[in-house]
Amino acid sequence: MCPISVCPDCSHPLTQKRTHVSYTEDIIPVGTPLKTVHKETVESGYCPKCKARKAPVELRGAKVQLGPNIQIMIVYFSTVMRLSYEQVMAISRDVYGLELSDGEIRNILEIQSNKVLGEYKNIQERLAKQDCHYDETPYKTLKNARGNYAWIQTAVHSTDTLFVFGESRGIGVIKAL
């Protein structure tokens, strides 16, 4: 429980206090049960001086959120195992009892990709300063896309490597790298 009695910004007493309850669903990597639910109770109150509802922590919009382990699992299933959204939803439902939507999966993949974007750009910058080897493969990497080419850019004298999925085998992809 996170109680609150005064406005954290102006110290004025709060009125019309309410209690907000939210849950975090997640899975545990090993053991049973395979799903955990963490209940969080946060009190909030209305500040007549600020004319706004205040809480000691940020209130979540959704009543139920997915925890970090299920998010990592979704990324793994989608990128490493190359499962479709339907397959990820089926595994989540059948094994863990979690109902996912296409939108939830898409948002999780976008959020997680944004977390690694900075390091991706750092690798790009380091590779731009090194001698590199480039190669491509027509291995089928994208479903129903205009191209199916996986490109690799790897440094000759370090372990820096990037994989890029492109639409062609053309020199434009190498120039972009």
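**Sheets, cores and helix packing in the predicted model**

In strand S2, Ser 44 is the residue that stands opposite Arg 18. Strand S1, covering residues 15-27, and strand S2, covering residues 35-47, are paired in the antiparallel sense through 11 bridges. Val 21 likewise has a bridge partner in S2, namely Thr 41.

Cys 47 has Ala 52 of S3 as its bridge partner. Four residues lie between the strands in the hairpin of S2 and S3, and in this hairpin Lys 51 adopts a positive phi near 55°.

Taken together, four strands make up an open sheet with mixed pairing, and their order is S3-S2-S1-S4. Helix H1, residues 68-80, lies across S1 and S4 and runs at about 45° to S1.

The largest nonpolar core has 14 residues, of which Ile 27, Ile 70, Met 73, Ile 74, Val 88, Leu 100 and Ile 105 touch the most other members. At least two residues of this core come from each of H1, helix H2 (85-96) and helix H3 (102-128). The helix that gives the most is H1, with four residues. Ile 105 illustrates the contacts well: leaving aside residues up to four places away in sequence, Ile 105 touches Ile 74, Ser 78, Tyr 85, Val 88, Met 89 and Leu 100. Another core, of five residues, lies apart from the largest one and includes Leu 127, Cys 132, Ala 155 and Leu 162.

Two packed helices are described by the angle between their axes and the distance between the axes. For H1 and H3, the axes come within 10 Å and cross at roughly 95°, which makes H1 roughly perpendicular to H3. On the H1 side the contact is made by Gln 71, Ile 74, Val 75 and Ser 78, and on the H3 side by Ile 105, Ile 108, Leu 109 and Gln 112. Sorted by class, the contact of H1 with H3 comprises five nonpolar and three polar residues, with no charged residues.

H3 also packs with H2, at an angle of about 105° and with the axes 10 Å apart. H2 and H3 are therefore roughly perpendicular to each other as well. In this contact, Tyr 85, Val 88 and Met 89 of H2 meet Asp 102, Ile 105, Arg 106 and Leu 109 of H3. The contact of H2 with H3 has five nonpolar and two charged residues, and no polar ones.

A further strand pair remains to be described. Strand S5 (residues 132-137) and S6 run antiparallel and are joined by six bridges. Thr 137 stands opposite Ala 150 in S6. Of the seven residues of strand S6 (residues 149-155), five are buried, so S6 is largely enclosed by the rest of the structure.

Notes:
Residues are numbered from 1 along each chain as its sequence is written. This is a predicted model: local features need pLDDT of at least 70, side-chain atom pairs count only at pLDDT 80 or more; totals for chains, interfaces and linings use all residues. Side-chain values use heavy atoms; hydrogens and water are left out. Two strands pair if DSSP finds at least two bridges between them. Contact means heavy atoms within 4.5 Å. Axes are lines fitted to C-alpha atoms, for helices over the stretch in contact, and angles run from 0 to 180 degrees between N-to-C directions. A nonpolar core is a set of buried Ala, Val, Leu, Ile, Met, Phe, Trp, Tyr and Cys residues joined through side-chain atoms within 4.5 Å. Buried means under 20% relative accessible area, exposed over 50%, partly exposed in between (1.4 Å probe, protein chains only). Angles under 35 degrees count as roughly parallel, over 145 as roughly antiparallel, 65 to 115 as roughly perpendicular and the rest as oblique. Ala, Val, Leu, Ile, Met, Phe, Trp, Tyr, Cys and Pro count as nonpolar, Asp, Glu, Lys and Arg as charged, and the others, Gly among them, as polar.
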